Amino acid sequence: MSQSPQSGSSSTVASGDRSRQGHKTARNQEFLAFFLSTRSDRATLSWTVLTQIGLAGLGVGALCYLALSFVSEGAASCAGVVSGAIAFAFFLRRARRSAARANATTALAKALLDANRECLKLLDADGRMVRISEYGAELMEASAPEQLAGSNWLGFWSGEDATAAHDAFHAAMSGARATFRGSCPTTSGAPKTWHSRLIPIENGDGGVEGVICASQDMTQQAELAAALCARETLMSEMEAHVGLCFYSYNADFTGFHHISAGCAAVFGLDAQTFRESPQAWMALVLQEDLPQLTAAMRRIAESKVSQKALYRIRRLDGNVRWIQSTGSPVLDSAGNVARIVGISEDVTAEQDRLAELDRLAFTDSLTGLANRAALMCRIDERCRKQAPFALMFIDLDRFKVLNDTLGHTAADRLLKSLSRVIRAALPADAFLARLGGDEFAVLIDGAKHKDPLAEIARATLDALVQADQAHRAGTITASIGISVFPENGGNRETLLTSADIAMYAAKKAGRNGYRFADKDSSERIVDFELERDLPAALAKKEFQLHYQAIHEPHTREVRSVEALIRWRHPERGLVSPGVFIPILEESGFIAEVGAWVMDDALRQLALWRQAGARALGVSVNVSARQLRDATIVDVVDEALRRHALPASTLQLELTESALMDDPSLAQRTLGALKKLGVRIAIDDFGTGYSSLRYLADFAPDCVKIDRSFITRMESDQATRSIVCGIIQMCHTLGLSVTAEGVEETAQLELLRHAQCDFVQGFLLSRPVAPDDVLGLPIATPSALID
Ligand code: C2E
Ligand code: CA
Ligand code: CA
């Protein structure tokens, strides 16, 4: 038989307070007397009883008659009748009373038994069940009370319960009331838990003749209590094992209603400590974390909102831990904070992981030095502080060659050891970072003067040379560029660029040296910034084409327009192609941008021609780098097809230097372009080789005389002769001539005289936006000569 913790056998004997017991008994008798008196004359008597009473009255009457008949016959008769009648009335009343009393007693007993929800048993002196109540039999799952009558009540119990049952019974038999709790099976064998009261039945001589036992069925209650207890055990086991601390605080954080066993794992304090001194845990919180924690607690209590707080505690054993606590207010029906519940958790491991991730994010994995991201943060920090510092760029010379010859693994090993050499050569408080590849950067605080910086740079270079001798690599040197805040830049970008430019200057000056950033390099920063912005400019649609008209000198009619690229820089405004075309060429982006120019110029030409300017052609500039790329032929061909234009409407302008870069390649490419039917012009003629014989090999269609000749023409007879000579020779070779940069009427006059075919310059028109082209005096188709 299983026993719940609360159903354990127990017996209690009510000994002591007899007077209280007596008082209770008196009260109960009073209750009985009242009940019985209210029902004392409601009895009806049976005929047998009535006959008996009649006979008793008759007997009394007869006795009286006999006693007086010796005196007087008449008086005797009279007395006999009267006394008989009185006796009859007396007996009748008594019989009625006792019958009413018996009836009332039975009714009361019946009602009490009906009302009783216990298993009531009458036990004899040996503990046998003499009688059992109807409901009691039902509780014992017996078919009828008779089934249990005569069985031994003491035999129902076993183990500790049996002992307790015996003790309680013997106590009752010795005149004391007793209680007892234990489990015994019903007739079906199902165990039930009972709470029994044993009341002695006294026999009037001070002895006890039996016991009334009233047992309450506690099974359901016991099961419920056991279930609750099991749940509580489970909860506290779980709470203790999850390593979380669940709590319920009162509304002003002055005491705990509940704190789970996990508090020991989280705070290193046991639950009792929390209950006894509710502020003890706060004494562990690190001073610097306390304000934000108490602020969060205040917000929960005052603003009635849930809060989360992350803070550190120093446990009593000295161990510092990260704790995350959440707290939520529980409101009562009036909307006031009734209590605050939440969880606290030790998140040290997670915080350590985050810190490690942070460390990794700012560390160069190969050398263990700070990485680029870390350097950027440090520079920004220093710029904010406005305290002078120097930035040194260290680039290993020819390391790429070493990388290729040594192989990556050996090169990585070398880089690692060189990083140690550099570190050792620097002042202890210098900040060293590896930017990737063979680039390092150093921050030196408080650097106001160049001499100490130069010393550091020299020492670093020397250390590398020495290490090189030790490695016998024979090639390890470095170039160093140094920029100083705020002299060479007030922000990260300019400082980095200045140092970078200075470093390149050091390389150019023969490597294994250092250079300070200077004014020149500050100006070149502009180039660097443009270079940075150029790759995105095309996608951002920052380029646009303007068009400058090429006129017939006599009629001033426009035969074609030259496409001139413009860059609308979001910060710098309009940037001249003279600035960014060389950058595009260097970076190789010219191919992409050139293809866009080609497409946009032809698209625009097609639109103008559709709008009526059917004799109009377009000139597009092609740079040296574009010409070296054989795809130019496809680019041109596709653009012409895309916009359904005859090839003859397009003229490509190439400088002499572009052609002489790689003359045989240029010749092949030009040959292919000419095959398409495209016209070729030599741009800026006179500034380069100026060898017409050479140029004849490229078989151009047109020569554009450079502006510098036209400018000097008026004032300089020799230049005038050269211009006239060029025009004549070109005509002999069958080429047309365009004069560039015509700014004066006198120049125009001279050019007309010299039979120049076309003129271009601010005198006649400046470069204009595409929409303004149709406003120019465009030649009609019949005016076209070539
Ligand atoms: P360029 O091909 O010699 O173009 C003529 C340049 O001279 C244009 O300058 C034009 O505005 C300017 N100009 C025209 N008439 C006069 C005048 O009477 N007086 C003065 N002082 N200048 C005049 P821009 O537009 O700045 O172009 C400069 C150079 O950039 C061009 O020289 C050309 O080499 C290059 N360029 C322009 N657009 C492109 C392009 O789409 N692709 C390539 N590869 N280069 C281009
Ligand atoms: Ca040009
Ligand atoms: Ca030109």
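The chat below goes through metal sites, a helix and a sheet.

Reply: First, this is a predicted model, where local features need pLDDT of at least 70, side-chain atom pairs count only at pLDDT 80 or more, and totals for chains, interfaces and linings use all residues. Residues are numbered from 1 along each chain as its sequence is written, chains are lettered from A and ligands numbered from 1 in the order in which they are written, and side-chain values use heavy atoms, with hydrogens and water left out.

Me: Where do Asp-683 and Glu-740 sit in the chain?

Reply: Asp-683 is in strand E22 (residues 679–685), while Glu-740 is in the loop between strand E24 (736–739) and helix H27 (745–753), 57 residues apart. Helices (H or I, at least four residues) and strands (E, at least two) are DSSP runs, numbered from the N terminus.

Me: And the calcium ion (ligand 2), what are its protein donors?

Reply: Glu-562 (OE), Asn-621 (OD1), Glu-653 (OE) and Asp-683 (OD), 2.1 to 2.3 Å away. Asp-683 bridges this ion and the calcium ion (ligand 3), and the two ions lie 4.0 Å apart.

Me: Is Glu-562 buried or exposed? What about Asn-621?

Reply: Glu-562 is buried, at 5% relative accessible area. Asn-621 is partly exposed, at 27%. The cut-offs are under 20% for buried and over 50% for exposed, with partly exposed in between (1.4 Å probe, protein chains only).

Me: Back to H27. Which of its residues are buried?

Reply: Gln-747, Leu-748, Leu-751 and Arg-752. They cover an arc of only 135° around the axis, so they are on the same side of H27; the arc is taken from the directions from the helix axis to the C-beta atoms.

Me: What do they pack against?

Reply: Helix H25 (707–713), helix H26 (717–733), E24 and strand E25 (758–759). Contact means heavy atoms within 4.5 Å.

Me: New topic: what is the strand order in the open sheet of five strands?

Reply: E8-E7-E11-E10-E9, with antiparallel pairing. Two strands pair if DSSP finds at least two bridges between them. The edge strands are E8 (256–259) and E9 (307–314).

Me: How many bridges join E7 to E11?

Reply: Seven, between E7 (residues 244–250) and E11 (residues 337–346). Asn-250 stands opposite Arg-339 in E11.

Notes
Donors = N, O, S within 2.8 Å, 3.2 Å for Na, K, Ca; no water.
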